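Please read the numbered points beside the model.

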Amino acid sequence: METIIKILAQELGQSEAHVQNVVTLLDEGNTIPFIARYRKELHGSMDDTSLRALEDRLQYLRGLEKRRDEVKGAIENQGKLTDELAAAIDAAATLAEVEDLYRPYKQKRRTRATVARERGLEPLAALLFAQERDCPDPQEAAAGYLDPDKGVETVADALQGANDIIAEDISDNAAIRKSLRELMLKRGQLVSKAATEEDTVYRLYYDFCQSVPRLQGHQILAINRGEREGALRATVVTDRELALPLLRRAVVKPGSPAMEFIKAAAEDSYDRLLYPSLEREIRAHLTETASEGAIHNFALNLRPLLMQPPVKGHVTMGLDPGYRMGCKVAVVDGTGKVLDTTVVYPTHGERQKAACIETLAGLIRRHGVTHIAIGNGTASRETEQMTVELLRQVGGGVSYMIVNEAGASVYSASKLAAEEFPQFDVNLRSAVSIARRLQDPLAELVKIDPKAIGVGQYQHDMPPKRLDEALAGVVEDCVNSVGVDVNTASPSLLGRVAGLTAATAKNVVKYRDENGMFTSRKQILKVPKLGPKAFEQCAGFLRVPESQAVLDNTAVHPESYQAAEKLLALTGHTMADVAARRLGDLDARLRDLGVERAAADCGVGVPTLLDVAKELQKPGRDPRDELPPPLLRTDVLEIKDLQPGMVLTGTVRNVIDFGVFVDIGVHQDGLVHISQISDKFLKHPSEALAVGDIVKVVVLEVDEKKKRISLSIKQAAS
């Protein structure tokens, strides 16, 4: 365990004491959001992303340690474990190195070498491989191992068997495999060719060659998918003339009569065993690396999407566009309660379009609608144009926004949606979801499988378990950083709160339904199956606006209530000042007192004291309100209206390896290539931009036929 702590501390650039504290907290069953927020003194104020990286790496290193023990045990059971081999296994830094060392002792399927050993040719192989200077010529040596009864009828048979044994032993050598693997990773090239004469989306890779170190994740994943779909054939190619000298240096002893024989066996080992095996390993390694990159990219995009500023307190109309089935409409009040629903047909001709505008104008006036959310799917363009005509007719006071509807249909057909809206059909549920996505993206999007939200690359090609873990972590961090109103939250939202499970979240809602609204945080302890440990983890993230205790509607944890009261007393304030938001001078008074001295007087660490002070100044605050508001529109452009040189304002919709897609008010998002984001060198677009960012762009090129729009951010800034 000591070694793991040291490794983690070195890799993450943290002190061993802080790493040890985090490991202890995790082993005690504490959640990442709780540790990140309420145990800062113990870990040096690491953020949730760093803590999750530590947790992931801890699991890998513990798995590595477990595998080392398993391998040593398996070899020891064969009576072949030496001190030297045990030390080598203990020193192996990766699972691949451990497996290389275990390879010679693994139970193998029947091979050519197995057959040769059964024929009694292992001593001949050992004699030749030793390459002693007084060793007889291979032909002469082989003559002593002929045995027709075992199938060794000629010298050639004996030498072939010895070759097979030596080739397999060479391919099982851990040091050789490691050297060749490193060579292939440094000097290898991924080559893909067309496997079909048809024109497909993979035509970029019909004659593709790129060195392994320079490969981009999206290239690897595209080639993998092309292979699966039968459009491509791909392989990792390594210069054989670079690999063979490395192999010969490792196994050939100059001057021996058996030297040429061993050279030939080494070449056979490389061509028949080593290269094919390592090529598969390299492909698997590339896929794993690309998948991790894509999962990281998905998580990067998901976080800002979930944390988009809500448009609270406004009556909102949700439009789920469609052709044949019409446009589904739902009007919800400022809390998301459904006020009205209908279906209109704006794409069925001018008469139906006019009727649609009249119907929607009536709903706007009747319910006081101020915002319209339009799903970005099928018929979105026509619906947006109709909406602009509608806004002109109602005479102002209403704006609209295109909302990413990815996953809305998945949600509307789910058991969860059926429970929430049993009175509505599937299509109308989708319209309600779209309206609520504008009002509070986080509360609505947590109901959907993160994979269905669609802000990544090749998410359906990722290892499902790993992707689910990463995305669930992002959702959990977002929900807990915002906080959840225990009296209005859905079971889906409550289930993402640290310490709560799907079952306890349902119990919270059931208790609320049976007993009325919660009036204090302490009352949460009365929820069945929600014990002291779960309460400790979740309490600080649950808000109780109806409580008479002001602190119950803040992120101050109940364990720090006394510290908060002490701080107020030290600075000459009261809880009434907190409720009335009269703490504008708190920071100044705290500085006058001295932060460290005040923390000591309050019995908490400095990070906790500063967090408490921040919460006291803005009770019930939503961190999303501090972000730039979403871009609402009242007019629409068409792709034919775009001209090179036009400067527009848009919203970043997706961040991928080679650029970002920006919504500029045209049905088709425009692409800002990574080279057009900034004058500074960027390894990845996420270094400069995130989903939801509002940016100024200049139009570079428009291809109306292919519906492609090229944009530049750096030229718009110059």
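1. β8 contributes three residues to the lining of the largest cavity, the most of any element. Strands (E, at least two residues) and helices (H or I, at least four) are DSSP runs numbered from the N terminus. A cavity is a set of points on a 1 Å grid over the protein atoms alone where a 1.4 Å probe fits but cannot get out, and its lining residues have an atom within 4 Å of a point.

2. The model is predicted: local features need pLDDT of at least 70, side-chain atom pairs count only at pLDDT 80 or more, and totals for chains, interfaces and linings use all residues. Residues are numbered from 1 along each chain as its sequence is written, and side-chain values use heavy atoms, with hydrogens and water left out.

3. Three cavities of 30 Å³ or more are present in the structure. Two or more lining residues come from each of β8 (399–403), α20 (426–439) and α21 (441–445).

4. By class, the lining of the largest cavity comprises 12 nonpolar, two polar and two charged residues. Here Ala, Val, Leu, Ile, Met, Phe, Trp, Tyr, Cys and Pro count as nonpolar, Asp, Glu, Lys and Arg as charged, and the others, Gly among them, as polar.

5. The second largest cavity has about 50 Å³. Q308, P309, P629, P630 and G692 lie nearest its centre, among 10 lining residues. Seven of the lining residues of this second cavity are nonpolar and three are polar, with no charged residues.

6. Which residues have the most contacts inside the largest nonpolar core? They are L128, L180, L247, L494, L530 and I664, in a core of 132 residues. Helix α15 (residues 259–306) supplies the largest share of this core, 18 residues. Apart from it lies another core of 27 residues, including I4, I5, L8 and I35. A nonpolar core is a set of buried Ala, Val, Leu, Ile, Met, Phe, Trp, Tyr and Cys residues joined through side-chain atoms within 4.5 Å. Buried means under 20% relative accessible area, exposed over 50%, and partly exposed in between (1.4 Å probe, protein chains only).

7. L494 touches V484, A489, L500, A505, V508, V509, R512 and L542, when neighbours within four places in sequence are set aside. Contact means heavy atoms within 4.5 Å.

8. The chain has 31 helices and 15 strands, and its C-alpha trace spans about 105 × 70 × 55 Å along the principal axes. Of its 718 residues, 48% count as buried. Among contacts between residues at least 6 apart in sequence, 65% join residues at least 24 apart.

9. S45 lies in the loop between α4 (40–43) and α5 (48–77), and is partly exposed, with a relative accessible area of 41%. K529 sits in the loop between α24 (502–515) and α25 (532–538); at 75% relative accessibility, K529 counts as exposed.

Notes. 1 Å grid on protein atoms, 1.4 Å probe; cavity = no way out; pocket = protein on both sides within 12 Å on 5 of 7 lines; lining within 4 Å. Points joined across faces, edges and corners; volume = space filled by probe spheres on them.
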